[in-house]
Amino acid sequence: QFLAVLPPAMQHWVRECEPETSCQAVALAEGFLEGQAEAEKRGLKPFYDQESLKMLKRKADNPLFGGFTKKKCNFKTEWLTKFSIETVMPHVSGRTNVQLKEIFEYREAEDVVVCKICLKAEVDGNWSTGKRWGEWKVDYLKRHVNHKCHLDAITELQNQNRGSLRNLVQKTPDDQKPRTECVTPDQSNLETQKPKTECVTQDRSNLEGVKILIDNVLLAIKLNISMLSVQEIHDHVAKYAKIPSTWRSKNYAFEFIDCINSVLKREIFDAIRESPFHTLIIDESANISVSKMLIIYIKFRRASEDNHKTVFAGIVKVAACNSVAIVDSIRKFYNENNLDMNRMVMFTSDGAAVMLGEHNGVAAILRESIPHLLEQHCVVHREDLGIDDAWKTIPFIKKVETLIRIVYTLFSRSNVQKTELEEIASAVGRDVVSFRPLNEVRWISKHFAISALVKNYDVLIEYLKEQVEEDNDPAHKYCLEKLSKPEYRVALFILCDVFGDFAELCNILQRSSLTTLEAFQFTRAKIGKIRSQYLRGTVHFSETVQDLISSCNSTVNIDAILHFIRQICDHMDKRFPENELQDWCVFDKDCLSCPSNLDDFSFGHQELSRLANRYCDLFQKDEQSYGEELHKEYSDFKLIVAEKIKTGAMKTFQDILTFTRQQEQFSGLNLLLDVCGTFQASSADCERGFSLMNAFRTEIRSWLDTDHLESLMRIKLHMSTGNNINLDSVYNFWETGKGREKIN
């Protein structure tokens with residue numbers, strides 16, 4: 001039915017190629033149109049001549065052709081003399097009718113066909129070195145004559161014949177040197193020695209050329225350019241370097257992506273398999289095509305390294321947004337990549353009930369088969385939720401929120417008002433910062449919104465005064481009234497300082513590979529700092545706020561702001577309780593440096609016994625003997641570490657990890673510390689992964705399938721962390737992994 005609606009010439013073309021499926025027929029029809037367009041662009045005759053159509057008719061009349069049954073068709077040398085084609089030749093002006101033997105040569109010993117024009121022009125590709133095909137058709141030869149690489153070869157030879165200046169410029173000094181010939185001697189019989197054969201060292205040139213093509217694909221990924229446009233990069237680079245023309249198409253670009261991804265994926269998962277423990281970090285979200293996706297990161301330590309790292313592991317589609325479907329997807333992912341789920345020591349995700357529900361969440365289901373598994377609610381989500389809880393409880397803060405939203409709305413919807421504000425700022429020598437919405441960016445958006453309002457405060461008041469005088473607009477009038485009150489100005493400047501502290505904490509908590517122990521220390525320290533600055537006796541405002549308060553003619557009431565700060569600290573205390581570390585407090589730097597704990601010989605014994613009970617099966621140790629080993633090692637460990645902390649030799653948890661790994665006497669504690677170092681505090685990496693996913697999968701690229709999207713993300717994330725991609729490894733994988741013949 002599809003063939004019946006095609007024009008006769010196209011129909012004959014598609015039938016000649018003998019497609020087996022409708023998809024192949026469609027692809028051939030598209031190739032026909034592309035070939036026509038290329039021929040017309042170059043002013044050439046379409047590549048189906050009368051002789052070809054006669055041949056097609058003869059074959060169509062053949063009863064053997066009727067069922068589209070494929071049959072073997074070896075190359076026939078008589079084709080070269082029997083068929084002719086109208087084309088352009090390098091030594092003849094205009095189009096001429098020539099026999100195929102003038103263009104092609106069949107080498108029977110090697111069973112390959114060589115295009116003599118492409119060979120003479122030194123065009124990279126199989127037609128120069130020898131094209132081999134299992135089922136030859138004469139139409140393949142005619143199709144090559146109108147291919148871009150063949151037409152470029154003709155142009156190159158014509159330029160050489162004319163002594164073109166452009167040809168001389170494009171030639172490198174090495175290209176202009178006379179070609180050396182080497183003789184393959186036959187020492188046994190010099191008289192019957194074969195003719196001289198030209199030594200063309202294409203192995204190295206092709207290897208370097210393909211590596212350039214692979215590097216171009218990496219550049220396109222780095223710049224987030226569609227693979228459909230990568231051929232333009234190839235053509236541009238070809239002006240300055242010799243690269244193979246055969247592998248410049250978009251199809252090979254996709255193939256290179258698969259090879260790069262396979263090399264990176266193999267390296268990553270080999271390292272994860274060798275690692276003794278790992279943490280699974282996942283998040284579930286809908287991408288731009290509204291399909292449910294599960295993004296997976298894994299934190300682990302390479303066997304040969306001291307530091308833990310968090311890497312992108314993959315993305316998978318989930319059948320439904322429930323815990324059972326997500327667990328099934330996780331188990332399938334582990335099985336496909338040959339990973340041991342029993343080595344998973346922590347499950348980190350956001351606080352959604354489907355993930356961390358007490359009874360039916362993903363973590364709870366996983367714990368049924370992994371008894372030692374711990375769950376972690378992302379610390380960045382917890383900080384944001386603590387601030388939101390306090391934000392909703394104070395009436396004055398709700399008024400401040402209304403003011404910020406109105407100001408943002410005024411300037412986000414009108415470029416005219418934004419331009420007028422900038423003109424006023426320029427007149428007084430000030431810079432204008434763009435106003436930001438309260439909920440534009442998750443986690444630290446409130447700080448951005450308040451900070452922008454504070455920086456534009458004076459200019460904004462001048463602008464509002466002018467607007468009120470001109471049209472007495474209610475919105476401008478409301479904003480001017482609020483911003484002119486001292487309590488609002490002081491409150492906004494205090495909020496800017498407070499949210500600046502929490503934004504700084506938020507950035508710390510988003511660090512990749514941050515352990516739960518470190519996150520707890522940073523958070524408790526920040527809460528303590530806020531309380532000591534604002535809530536304990538004397539309030540210590542910044543110099544800017546102090547100058548602002550002293551400049552006010554009347555007393556400014558700051559009780560509402562201090563109450564809000566107290567509410568934030570209280571909510572943060574609830575979400576980061578002091579007993580959160582539980583048994584892992586024995587490795588907390590503050591606990592190890594506390595004098596009372598050092599004087600108590602039994603400090604840490606109960607906690608270590610519980611840890612021995614939890615992990616003895618994972619470590620393949622006897623619980624009782626392992627507990628005794630831990631007690632003995634910890635008695636010396638805590639005193640040594642406390643002394644190093646006191647002298648400044650140890651400042652971070654990573655210092656403790658590195659020190660313990662180097663001491664054989666603490667081998668039992670080293671296992672626990674390795675597990676603790678594997679814990680991941682936040683799922684911020686997943687959020688960044690979804691942002692990158694949506695950057696790739698835009699509305700015009702929503703056709704990207706999951707596997708290709710995963711490949712792009714893995715490559716982009718690998719390069720963004722400063723890691724290099726070994727082009728030699730990718731080339732070797734491309735050459736051997738695809739079953740491709742060695743290039744020569």
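Predicted model: local features only at pLDDT ≥ 70, side-chain atom pairs only at ≥ 80, totals over all residues.
Helices (H or I, at least four residues) and strands (E, at least two) are DSSP runs, numbered from the N terminus. Residues are numbered from 1 along each chain as its sequence is written, and side-chain values use heavy atoms, with hydrogens and water left out.

**Two residues with positive phi**

Most residues other than glycine have a negative phi. Gln 620 is not a glycine, yet its phi is positive, about 60°. Gln 620 sits in the loop between α29 (605-619) and α30 (623-647). Is Gln 620 buried or exposed? Gln 620 has a relative accessible area of 73%, so it is exposed.

Asn 472 is another residue other than glycine with a positive phi, near 50°. Its place is the loop between α21 and α22 (474-483). Asn 472 is partly exposed, because its relative accessible area is 42%.

**Salt bridges**

A salt bridge is a side-chain nitrogen of Lys or Arg within 4 Å of a carboxyl oxygen of Asp or Glu. How many salt bridges does a search of the whole structure find? It finds 30.

| Pair | Closest N and O atoms |
|---|---|
| Arg 248 and Asp 235 | 3.4 Å |
| Asp 458 and Arg 430 | 3.6 Å |
| Arg 661 and Asp 674 | 3.8 Å |

Take Arg 248 and Asp 235, which form a salt bridge. This pair links distant parts of the chain, 13 residues apart: Arg 248 is in the loop between α12 (230-237) and α13 (250-274), and Asp 235 is in helix α12. Arg 248 has 14% relative accessibility, so it counts as buried. Asp 235 has a relative accessible area of 30%, so it is partly exposed.

Next come Asp 458 and Arg 430, also joined by a salt bridge. This pair too links distant parts of the chain, 28 residues apart: Asp 458 is in helix α21, and Arg 430 is in the loop between α19 (415-427) and α20 (445-455). Asp 458 is partly exposed at 33% relative accessibility. Arg 430 is partly exposed, with a relative accessible area of 39%.

The salt bridge of Arg 661 and Asp 674 joins two helices. Arg 661 lies in helix α31 (residues 653-661) and Asp 674 in helix α32 (residues 667-678), so the pair ties together parts that are 13 residues apart in sequence. Arg 661 is buried, with a relative accessible area of 18%. Asp 674 is buried, with a relative accessible area of 5%.

Salt bridges can also form a network. Arg 524, Arg 531, Asp 570, Asp 573 and Glu 578 are linked in one.

**Patches on the surface**

Patches are made of residues with over 30% relative accessible area and no salt bridge; like charges are joined within 9 Å, and nonpolar side chains (Val, Leu, Ile, Met, Phe, Trp, Tyr) within 5 Å. Lys and Arg count as positive and Asp and Glu as negative, while His and the chain ends are not counted. The place of a charge is NZ of Lys, CZ of Arg, CG of Asp or CD of Glu.

Which residues gather in a patch of negative charge? They are Glu 462, Glu 466, Glu 469, Glu 470 and Asp 471. Glu 470 is in helix α21 (residues 457-471). Glu 470 is exposed, with a relative accessible area of 62%.

Phe 2, Val 5 and Val 26 form a nonpolar patch, with about 250 Å² of accessible area together. Such areas come from the Shrake-Rupley method with a 1.4 Å probe; for residues, only the protein chains shown count as cover. Val 26 is in helix α2 (residues 22-41). Val 26 is partly exposed at 35% relative accessible area.

The expected span of a helix is 1.5 Å times one less than its number of residues. Helix α18 (residues 395-412) has 18 residues, so it should span 26 Å. Its end C-alpha atoms are 26 Å apart, which agrees. Several α18 residues are buried, among them Phe 396, Val 400, Ile 404 and Phe 411.

Ile 404 also pairs up across the chain. Its C-alpha atom is separated by 7.3 Å from that of Ala 449, 45 residues apart along the chain. Ala 449 is in helix α20. Ala 449 is buried, with a relative accessible area of 2%.

How values were computed: Buried < 20%, exposed > 50% of the residue type's maximum accessible area, 1.4 Å probe, protein only.
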